[in-house]
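Trainee: Can we go through this one together? I'd like to see how the pieces pack.

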Amino acid sequence: MEARVHYRTAAELPSESQPFPEPWLGLARLDLAEGKLKQSLEHAGKAQSANPEHGDVHKLLGRLHEAAGERARAVAAWTKAAQLDPVD
């Protein structure tokens with residue numbers, strides 16, 4: 001999949017050159033679409049490390065935790081997302 005190659009390339013740039021979570025979010029979303037929940041959670045965690053104040057990271061983490069049956073963690077992630085981006 002071409003998108004995965006581009007996300008991976010961007011994600012592997014040195015952290016000072018790439019402080020944005022988008023490549024990791026892209027990989028996490030692709031993994032989720034392919035049913036790779038564990039890998040998706042790992043990539044979403046890297047997105048969170050890149051920018052812990054990014055609302056989309058927490059929205060996706062909420063979705064992933066819900067899919068994993070971790071309801072309390074899902075609610076916490078969605079709550080954080082709402083605090084960071086109350087309009088969305």
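**Helix packing, question by question**

Mentor: Let's start with Asp31, which is buried, with a relative accessible area of 0% (buried means under 20% relative accessible area, exposed over 50%, partly exposed in between, with a 1.4 Å probe and protein chains only). Keep in mind that this is a predicted model, where local features need pLDDT of at least 70, side-chain atom pairs count only at pLDDT 80 or more, and totals for chains, interfaces and linings use all residues. Residues are numbered from 1 along each chain as its sequence is written, and side-chain values use heavy atoms, with hydrogens and water left out.

Trainee: Which side chain does the side chain of Asp31 join in a polar contact of 3.0 Å?

Mentor: Asp31 sits in helix 2 (helices are DSSP runs of H or I, at least four residues, numbered from the N terminus). Leaving aside neighbours within four places in sequence, Asp31 touches Lys36, Gln39, Ser40 and His43, among others (contact means heavy atoms within 4.5 Å). The polar contact (a pair of N or O atoms within 3.5 Å, one able to donate a hydrogen and the other to accept it; residues adjacent in sequence count only if both atoms are side-chain atoms) is with the side chain of Arg4.

Trainee: Is His43 buried or exposed?

Mentor: His43 belongs to helix 3, residues 37-50. Beyond four places in sequence, its contacts include Trp24, Leu27 and Asp31. Its relative accessibility is 5%, so His43 counts as buried.

Trainee: How are helix 2 and helix 4 oriented to each other?

Mentor: The axes of helix 2 (residues 22-33) and helix 4 (residues 55-67) come within 11 Å and cross at roughly 20°. Axes are lines fitted to C-alpha atoms, for helices over the stretch in contact, and angles run from 0 to 180 degrees between N-to-C directions. Angles under 35 degrees count as roughly parallel, over 145 as roughly antiparallel, 65 to 115 as roughly perpendicular and the rest as oblique. Helix 2 and helix 4 are therefore roughly parallel.

Trainee: And how is helix 3 oriented to helix 4?

Mentor: Here the axes of helix 3 and helix 4 come within 10 Å, crossing at roughly 155°. That angle is why helix 3 is, relative to helix 4, roughly antiparallel.

Trainee: What separates the C-alpha atoms of Ala3 and Pro23?

Mentor: Ala3 is in helix 1, residues 2-11, and at 34% relative accessibility it counts as partly exposed. Ala3 and Pro23 are 20 residues apart along the chain, and their C-alpha atoms are separated by 9.9 Å.

Methods. Helices (H or I, at least four residues) and strands (E, at least two) are DSSP runs, numbered from the N terminus.
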